[in-house]
Amino acid sequence: MALIIGAATGCVGAVFRLLLAHADRLRDAMIAWAYGHAIWGFLIVVGTCAVATLVAAWMVRQFSPHASGSGIPHVEAVLREEIPPAPFGLVPVKFIGGILAIGSGLALGREGPTVQMGAGIAVFAARVCRLCGADSRVLLAAGAGAGLATAFNAPIAGLVFVLEELVQRIEHRVAIAALAALATAIPVARLLLGDAPDFQIGPLSYPSAESAPLFFTLGGIAGLLAVAYNRTLLATIAVRDRFGRLPIELRAGLIGASVGMLAWFAPELVGGGDQITQRTLIGRESVGILGFAFLVRFGLGALSYAAGTPGGLFAPLLVLGAQSGQLFGAACRLAFPKLAVQPEAFALVGMAAFFTGVVRAPVTGIVLVAEMTGNVTMLLPMLGACFMAMLLPMLLGNAPIYDSLREHTLRLERQIRQR
């Protein structure tokens, strides 16, 4: 069953990625066309983004409330038997709503939808085959891991994610099922997507012992930024909830319109962010532009998630991690010219460190970044940076983001039952 679920998840996830890439190209083409039509072009861009986001939010409210947001907190709650699995209708809502929301320019990731769709496919298969609750739980975890692996073309990260984040312990049956699902999901996905790593990065030299304190410092900075990001995200959701009298579609439409305005002036800053991460990893952006882009994306990620549409957090986190690491590396190169600092190396380490600070899944972050870039040179610096990125938020009493979002999911479930 896990082999079948993995293949189905790999196919769905790959098609989802292809359609998202097509939506990004379509959005860029629309903006380029709109530049030639002055005010009407501006209104068309803003209106299209607003309508796409509004429709995605309407689909969530009308057909599957649990399709809102990342979906990973919902999967975790189901695995802990805190809430029942969602009906299969969640999968098409997540698929179509995710394309509309991310394609409209919201700073959301593709991994949340693919993880929840993989879990939804597993739940459906288990119900059709009338499997017991224990077997259904194992398959759900395996399908979710296959979804993450497909989203980033990172099979080992998918396995680690299941054990470290979803079940948070080593379970042999879960591990075997996840391996089986990954063994079919990735080959099927690569038939459609190819087998190249998601990001390309130039050769990196092994860091010297003298540079080790810099990577520990970067990890500490990433941890503090992660605390700020978690609090900003939760505060934005709280502000949204205070306007509960407004229809959720209207709130989402206003956020979509805001993103459309940004897309008109800076189309390269909207969307999931893979292109931004790639430009950062090859050092194409100047320090001034990179700093401005970091601030914009920091706020845009929280605002986009508050729209309540399908969309994940991982990809936007990788953008912010790469940008903060590149900025820190550029500063270190100026401050310590004798160390021959490579800012791109700090961008790579920053991706893993910021992810760890927000999610508190260090092994997943390290393996994910290594697989997405095809680079293992910086594994040792990533260990030190992720140590600091995990330590400081814990000392500050900041909860992992998915724990906080899972509590929000449980409150949503209680509200649904009361209705």
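Okay, let's start inside the protein: Thr-9, Val-12, Gly-13, Thr-114, Met-117, Gly-118 and Ile-121 line the second largest cavity. Before I go on, a word on what you're looking at: this is a predicted model, where local features need pLDDT of at least 70, side-chain atom pairs count only at pLDDT 80 or more, and totals for chains, interfaces and linings use all residues. Residues are numbered from 1 along each chain as its sequence is written, and side-chain values use heavy atoms, with hydrogens and water left out.

So what do I mean by a cavity? On a 1 Å grid over the protein atoms alone, it's a set of points where a 1.4 Å probe fits but cannot get out, and lining residues have an atom within 4 Å of a point. For the volume, grid points are joined across faces, edges and corners, and we take the space filled by probe spheres set on the points.

Back to that second largest cavity. It holds about 30 Å³ of space. Helices α1 (2–34) and α5 each give at least two residues to its lining, with α5 supplying the largest share, four residues. Helices here are DSSP runs of H or I, at least four residues, numbered from the N terminus. By class, this lining has three nonpolar, four polar and no charged residues. For those classes, Ala, Val, Leu, Ile, Met, Phe, Trp, Tyr, Cys and Pro count as nonpolar, Asp, Glu, Lys and Arg as charged, and the others, Gly among them, as polar.

How many cavities of 30 Å³ or more are there? The count is two. The largest cavity contains about 110 Å³ of space. Its lining is made of 14 residues, and nearest the centre are His-74, Ala-86, Ala-119, Gly-120 and Val-123. The elements giving two or more residues to that lining are α3 (72–79), α4 (90–103) and α5 (111–128). Here again α5 has the largest share, with four residues. The lining of the largest cavity splits into 11 nonpolar, three polar and no charged residues.

Now, the nonpolar cores. A core is a set of buried Ala, Val, Leu, Ile, Met, Phe, Trp, Tyr and Cys residues joined through side-chain atoms within 4.5 Å. Buried means under 20% relative accessible area, exposed means over 50%, and partly exposed is in between, using a 1.4 Å probe and protein chains only. The largest core has 125 residues, and Phe-152, Phe-314 and Val-359 touch the most other members. Which helix gives the most to this core? That's α14 (residues 343–359), with 12 residues.

Have a look at Phe-314. Leaving out residues up to four places away in sequence, Phe-314 touches a list that includes Ile-72, Glu-111, Phe-152, Phe-355, Val-359 and Tyr-402. Contact, by the way, means heavy atoms within 4.5 Å. There's also a second, separate core of six residues, among them Met-59, Ala-67, Ala-86 and Leu-90.

Thr-150 sits in α6 (residues 133–152) and is buried, at 1% relative accessibility. Beyond its sequence neighbours up to four places away, Thr-150 touches residues including Thr-9, Gly-13, Arg-17, Ala-185 and Leu-193. Thr-9 and Gly-13 also showed up in the lining of the second largest cavity. Then there's Gly-98, in helix α4. Buried or exposed? Gly-98 is buried, at 0% relative accessibility. Setting aside neighbours within four places in sequence, Gly-98 is in contact with Phe-16, Leu-20, Val-93, Gly-103 and Pro-310.

On to the backbone. Asn-153 has a phi near 55 degrees, a positive value in a residue other than glycine. You'll find Asn-153 in the loop between α6 and α7 (155–166), and it's buried at 11%. Ala-340 also has a positive phi, about 55 degrees, without being a glycine. Ala-340 is in the loop between α13 (314–335) and α14, and it is exposed, at 61% relative accessible area.

Last topic, the cysteines. A disulfide is a pair of cysteine sulfur atoms within 2.5 Å, and the count here is zero. For Cys-11, the nearest cysteine sulfur is that of Cys-129, 19 Å away. Cys-11 is partly exposed, at 38% relative accessibility. For Cys-386, the nearest cysteine sulfur belongs to Cys-332, 17 Å away, and Cys-386 is buried, at 3%.

Terms used:
On a 1 Å grid over the protein atoms alone, a cavity is a set of points where a 1.4 Å probe fits but cannot get out, and a pocket is an open set with protein on both sides within 12 Å along at least five of seven lines; lining residues have an atom within 4 Å of a point.
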